[in-house]
Amino acid sequence: MTEKTPTPPNRQDPHLDPADDTDEPAFDWMKPAAAGAGSAATAKGAAPAGKAAPDAAKDQPAASAGTSARQGEPSQGGTAQTAASPNATSQAATSRTGTPQASAPTQAGSRADRKAAEAAVEPAASEPQGRGTHFREPLPTSALQVRPPQDEVERRNAEREHAANTKPVLPRVMQVLLAAFYPVILLVLAVRAVTSPLFLWVEYNRPGFPGDGYGFSTDDRMTYGSYAVDYLSNWSGPRYLGELVNRSGDPLFQEGEVSHMADVKLVILSAFAGGTLLILLAIVAMIYLRRRSTGGIRRGLFAGSIVTLVIILGLGTLAALGWQQFFTEFHRIFFASGTWTFALEDTLIRLFPGQFWVDAGIVIGALVLIASVVTLVLTWPTRKRRGIAKDGNAKDGAAKDGTAEDEAAAV
């Protein structure tokens, strides 16, 4: 028969239970011990205590009797087994508490005896005082409960608050530019509204406007005045006014008047070009502030409206105190001396008398004042617009995040 020979189907497997092998040395402790041997083992393994020897002597027949009962053999110490069970239990309990007891002398020298003795002694010796039998290992997350020193936490919170309150320079510059551009833009827009045929028609047709003492009717004024107003905003040269004639065929405007109107046109077009450029820059600033600074547009317009109110109220006060002086000083700033004074019979004075410029100044100041007041009201820093509640929640969230960061840093 070899390893490749098939196993017969009806072959009985051999009984391999080592408990039935009475000649196996490792199972000597399961055999019933003789009376003499039990007495000798009891005498040899007795402890110094007086009561320990009888208990040990009773323990040996009990173990042997229990083994014989499991094997189906007649037990000679059945009564001793019943009596020895309480003693064995008390011995094991006493050995766990550390009280000196006599070791069970069943077949002293066999491997089973040694293992039984070690199992009875080691748990009691290794068990920590005041704790259960379960091993408790510190949790790996217990380090998260360790916080840094209080001064370190305060320093980090102060740095975080300083970084949150520190704003970039460019948004502040954009806000300042927006506040500075706003008065000029409003003033240019108001001047553009006055230099229009609509305002001219309203002035010539309003009640109380002085008439022309040299023969111009309202229709004549409207026709000739429209040419002068159109010239200020178009790209035509001086010929646009220089070649105009009245009903009698004479030139409508003298050479000095055409020259002054050319100077006025240069100032007006420069103001319109500067206003257009400032409007574009203000739009760029508002786009930047909208993306980079929450509430930056509102703060810039609010400051600009305050500046506009201060300027327009100051100029209005000066004009009210002395209009003629104010008008003269205004012309001295932009025009050369002697180029802007004319006689009462000249066409410019007949078309644009002094009352016209008073009304124009009032309209310009009123438009700028109304626009600045509306802007001031719309951008007034109320609690809702400043978002105080939202900022408070954000600060609370930042404080919580900072605490979490400190704990994570401590780990």
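# Close-up views of helix packing and side-chain contacts

**Helices α7 and α14 pack with their axes 11 Å apart, at an angle of about 125 degrees.** This makes α7 oblique to α14, the term for angles that are not under 35 degrees (roughly parallel), over 145 (roughly antiparallel) or 65 to 115 (roughly perpendicular). From α7, the contact (heavy atoms within 4.5 Å) involves Phe 199, Leu 200 and Glu 203, and from α14 it involves Gln 355, Phe 356, Asp 359, Ala 360 and Val 363. α7 passes α14 in a right-handed crossing; a crossing is right-handed if the near helix is turned clockwise from the far one by less than a right angle, and left-handed if anticlockwise. Axes are lines fitted to C-alpha atoms, for helices over the stretch in contact, and angles between N-to-C directions run from 0 to 180 degrees. The model is predicted, so that local features require pLDDT of at least 70 and side-chain atom pairs count only at pLDDT 80 or more, whereas totals for chains, interfaces and linings use all residues. Residues are numbered from 1 along each chain as its sequence is written, and side-chain values use heavy atoms, with hydrogens and water left out.

**The whole chain is shown for orientation, with 16 helices and zero strands.** Helices (H or I, at least four residues) and strands (E, at least two) are DSSP runs numbered from the N terminus. Of the 411 residues in the chain, 27% are buried, that is, under 20% relative accessible area; over 50% is exposed and the range in between is partly exposed (1.4 Å probe, protein chains only). Among contacts with a separation of 6 or more, 72% join residues 24 or more positions apart. The average pLDDT of the chain (the predictor's confidence in each residue, from 0 to 100) is 74, and 60% of the residues score at least 70. The pLDDT is below 50 over residues 35-108, a stretch that has 62 contacts in the model beyond near neighbours in sequence. The pLDDT is also below 50 over residues 403-411, where 14 such contacts occur.

**Helices α6 and α10 pack at about 145 degrees, with their axes 8 Å apart.** Their crossing is left-handed. The residues of α6 that meet α10 include Leu 170, Met 174, Leu 178, Phe 181, Ile 185, Val 188 and Arg 192. Among their partners in α10 are Ile 268, Phe 272, Gly 275, Ile 279, Ala 282, Met 286 and Leu 289.

**Helices α6 and α11 pack at an angle of about 45 degrees, and 7 Å separates their axes.** With this angle, α6 is oblique to α11. α6 contributes Gln 175, Leu 178, Ala 179, Tyr 182, Pro 183 and Leu 186 to the contact, and the α11 residues include Gly 296, Ile 297, Gly 300, Gly 304, Thr 308 and Ile 311. The crossing of α6 past α11 is right-handed.

Ile 297 is partly exposed, at 23% relative accessibility. Not counting residues up to four places away in sequence, Ile 297 touches Leu 178, Met 286, Leu 289 and Arg 290. Thr 308, at 2% relative accessibility, is buried. Beyond neighbours within four places in sequence, Thr 308 contacts Tyr 182, Pro 183, Leu 186, Val 368 and Ser 372.

**Leu 367 lies in helix α14.** Its relative accessible area of 37% makes Leu 367 partly exposed. Leu 367 and Leu 187 are 180 residues apart along the chain, with 8.5 Å between their C-alpha atoms. Leaving aside neighbours within four places in sequence, Leu 367 is in contact with Ala 190 and Ala 193.

**The largest nonpolar core contains 43 residues, of which Leu 241, Phe 253, Met 261, Leu 351 and Phe 352 touch the most other members.** Helices that each supply at least two residues of this core include α6 (169-194), α10 (255-292), α11 (296-321) and α14 (354-378). Such a core is a set of buried Ala, Val, Leu, Ile, Met, Phe, Trp, Tyr and Cys residues joined through side-chain atoms within 4.5 Å. Apart from neighbours within four places in sequence, Leu 351 contacts Tyr 204, Phe 216, Arg 221, Tyr 224, Gly 225 and Phe 253.

**Asp 212 is located in the loop between α7 and α8.** Asp 212 is buried, at 16% relative accessibility. Beyond neighbours within four places in sequence, Asp 212 is in contact with Arg 221 and Arg 350. The C-alpha atoms of Asp 212 and Arg 350 are 6.0 Å apart, with the two residues 138 residues apart in sequence.
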